[in-house]
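Dear colleague,

Please find the structure below, handed over for your records. My notes on it follow directly after.

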Amino acid sequence: MTPKHKVLSLRLSSQSYSSAKQTILDWAKSRKSAYVCFANVHMTIEAYDNPKFAEVVNGADLVCADGMPLAKAVKLLYGQKIDRVAGMDMFPDLIQAAHEEKLSIFLYGTTDVILQKIVEKINNEFPKAKVVGAVSPPFRTLSKEEEEGYIQQINDSDANMLFVALGCPKQEKWMAKHSKKINAVLLGVGGAFPVFVNDQKRAPEWMRKMSLEWFYRLIQDPKRLFKRYLYTNSKFLYLLCLQKLKLKKF
């Protein structure tokens, strides 16, 4: 059993990047009904504010420290260095692995335009990674019949991996609700889809290493993200300090 570290309300895996990747591939090959969450500061605060959502994330078969702040938080609290296991890195790496091992993938989420670009890129650059389905569900609550129809479509495709990009917390709730009905490993990769096809730029590597990827996103979309980052980042730092002080008492 891989050790886990509690950061606020989340229990993060301490698996290395390569170990997490291999675990996911092993599940994919056996078509294990499992789901994987890539946790960042936003998800951590969402889970802290909503205990039911915390149960959703902690119920995942693997919870990775997507953001560098989470990895550094584990170091601060427990003195252990863990890898950052980011969905934006894992998505292209798993596509490459699917190409090498001839695994099939299904894409669920984002827009039809982005999905088409992803399928074209995979077909051109990773032709042995078979895309067996791509669905952009409506941006509304789905009926029971619609949900069952999509699940049937995914299972009929015989996919090894299902990449889900609905945004946090929607994608995590969707995976938790449906993972046991789907014969594949589900991965909530959030904004990895548009980055994969260069529709959105990702922060330079030096900013990622310095835990500044959030700032790069902020300057790209300040109107949408300013209030969210002001709240989540400030609250995360405050609560992290409280958790550190509590640990010192014991």
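Lysine 29 is partly exposed, with a relative accessible area of 39%; buried here means under 20% relative accessible area, exposed over 50%, and partly exposed in between (1.4 Å probe, protein chains only). Lysine 29 forms a salt bridge with glutamate 101, and the closest N and O atoms are 2.5 Å apart. A salt bridge is taken as a side-chain nitrogen of Lys or Arg within 4 Å of a carboxyl oxygen of Asp or Glu. Because glutamate 101 lies in helix α5 (residues 87–101) and lysine 29 in helix α1 (residues 17–30), the pair ties together parts that are 72 residues apart in sequence. Helices (H or I, at least four residues) and strands (E, at least two) are DSSP runs, numbered from the N terminus. Glutamate 101 is likewise partly exposed, at 34% relative accessibility.

This is a predicted model, in which local features need pLDDT of at least 70 and side-chain atom pairs count only at pLDDT 80 or more, while totals for chains, interfaces and linings use all residues. Residues are numbered from 1 along each chain as its sequence is written, and side-chain values use heavy atoms, with hydrogens and water left out.

Arginine 31 forms a salt bridge with aspartate 158, with the closest N and O atoms 3.3 Å apart. Arginine 31 lies in the loop between α1 and β3 and aspartate 158 in the loop between α7 and β7, so this pair ties together parts that are 127 residues apart in sequence. Arginine 31 counts as partly exposed at 28% relative accessibility, and aspartate 158 as partly exposed at 44%. Lysine 235 and aspartate 49 meet through their side chains in a salt bridge of 2.6 Å, N to O. That pair links distant parts of the chain, with lysine 235 in helix α12 and aspartate 49 in helix α2 (residues 41–49), 186 residues apart. Lysine 235 is partly exposed at 21%, as is aspartate 49 at 39%.

Aspartate 158 also has a backbone feature: its phi is near 65 degrees, a positive value in a residue other than glycine. Most residues other than glycine have a negative phi, and most peptide bonds are trans. Threonine 110, in the loop between β5 (104–109) and α6 (112–125), has a positive phi of about 55 degrees. Threonine 110 counts as buried, at 15% relative accessibility. Cysteine 168 and proline 169 are joined by a cis peptide bond with omega about 10 degrees; proline 169 lies in the loop between β7 (161–165) and α8 (170–178).

Turning to the strands, β1 and β2 form a hairpin with 2 residues between them, and leucine 8 in the turn has a positive phi of about 55 degrees. The two strands run antiparallel and are joined by 4 bridges; strands pair if DSSP finds at least two bridges between them. Strand β1 (residues 4–7) has a covered face, His5 and Val7, and an uncovered one, Lys4 and Lys6. Lysine 6 stands opposite arginine 11 in β2. Strands β3 (residues 34–39) and β4 run parallel, joined by 4 bridges, and alanine 39 stands opposite alanine 65 in β4. From strand β4 (residues 62–65), Leu62 and Cys64 point one way and Val63 and Ala65 the other, and all are buried.

In helix α4 (residues 68–78), the buried residues include Met68, Leu70, Ala71 and Val74. Glycine 79 follows α4 and has a positive phi, near 70 degrees. Leucine 240, in helix α12, is buried at 8% relative accessible area. Leucine 240 and leucine 76 are 164 residues apart in sequence and 9.1 Å apart in space, C-alpha to C-alpha.

Tyrosine 238 lies in helix α12 (residues 222–248) and is exposed, at 54%.

With kind regards
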